[in-house]
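Subject: Structure handover

Hello,

Here is the structure I said I would pass on. Please open it and follow along with the notes below.

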Amino acid sequence: MSPATPPEIFDRRRRLAMRQRGAHRKGAGHFLWEVLADDLNDRLNCTTRQFERALILGPLAEQSGSILSGKAVESVSLPFTEEDRLGVDPGSFDLIISAGTLDSINDLPGAMVQIRRALRPDGLFLGVLFGAGTLASLKRAMMLADGNRATAHVHPQIELRTAADLLARAGFTMQVADKLETEVFYRDWRTLIADLRDAGIGNSLAGPRPFLGRAYAERLDAAWSSLQNADGKVPERFEFLHLSGWAPSPDQPKPAARGSGQVSLAAIFDKSDKNLRP
């Protein structure tokens, strides 16, 4: 591995196996993708643009129809593609949507650059990834169950500000990054794990899995019970980071040149201050 090559933090085969398994399971875990599909549809409908060719990456490829709702003439779905090994021709699409997988990419900056290059000028990228606040309760319960032995159960997750910086770094214009949170209540941690498996997500970190011991499940039961509310349930949070950006184009609106403003903000604030005085 050369110094310029990002480390392989995630096991690509393990990641693919989880996603393929999730695609064949029909449990309640797909509610995560339904939430994202509805939200992406709302965001897409906020644009007046009619797209010619769209690319949907990740598990939401199965819901491309409900996401696009006629906003694209043609669509291509790639549910199991690795975004940092995209392998599509430059300028092939004017809309690319990637949801639910970007947080487990080995080379996330490189993936963002490849997505931007795959867009035509003035093409739109919409991305969603799990943020750093996701699965806070499960992390806490596992830490309690681990005791003095720290074990990586959930892979590192990204903060909103860092995700926003990636858009600019990849060369997108008119970047927007925001956060959507949803809370689900679980009586048993096993139901939460089943939901994650149904969605095809989980710990895909590279390296061997340590043996947790026969008593680990009992310790996790006790830790989970300590977090339960008066109804006997534990609130679990899913944090979605929404990213949007446009491929550069000469026709896009440009920000005004620095110093070209005709009104002084200092003067405005001075007037406001005077109006507030008794």
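This predicted model holds four aromatic pairs. Take Phe31 and Phe238 to begin with. Phe31 is partly exposed, at 21% relative accessibility. Phe238 is buried, at 1%.

Next, look at Phe130 and Phe240. This pair is tilted: the centres are 5.5 Å apart and the planes make an angle of 45°. The pair also links distant parts of the chain, with Phe130 in strand β4 (residues 119–130) and Phe240 in strand β6, 110 residues apart. Both Phe130 and Phe240 are buried. Which residues do ring pairs link into a cluster? They are Trp33, Phe130 and Phe240.

Now turn to helix α7, which covers residues 189–198. Its buried residues are Trp189, Leu192, Ile193, Asp195, Leu196 and Asp198. What do they pack against? The partners are α1 (12–24), α2, α5 (136–146), β5 (173–186), α8 (216–227) and β6.

At its start, a side-chain oxygen of Asp188 comes to within 2.9 Å of the backbone nitrogen of Arg190. Just after the helix, Gly200 has a positive phi of about 80°.

Best wishes

Terms used:
Residues numbered from 1 in each chain as written. Predicted model: local features only at pLDDT ≥ 70, side-chain atom pairs only at ≥ 80, totals over all residues. Heavy atoms only, no water. Phe/Tyr/Trp six-rings, centres within 6.5 Å; stacked < 30°, edge-to-face > 60°. Buried < 20%, exposed > 50% of the residue type's maximum accessible area, 1.4 Å probe, protein only. Helix = DSSP H or I, 4+ residues; strand = E, 2+ residues; numbered from the N terminus. Contact = heavy atoms within 4.5 Å. Polar contact = N/O pair within 3.5 Å; in protein donor to acceptor, adjacent residues only side chain to side chain.
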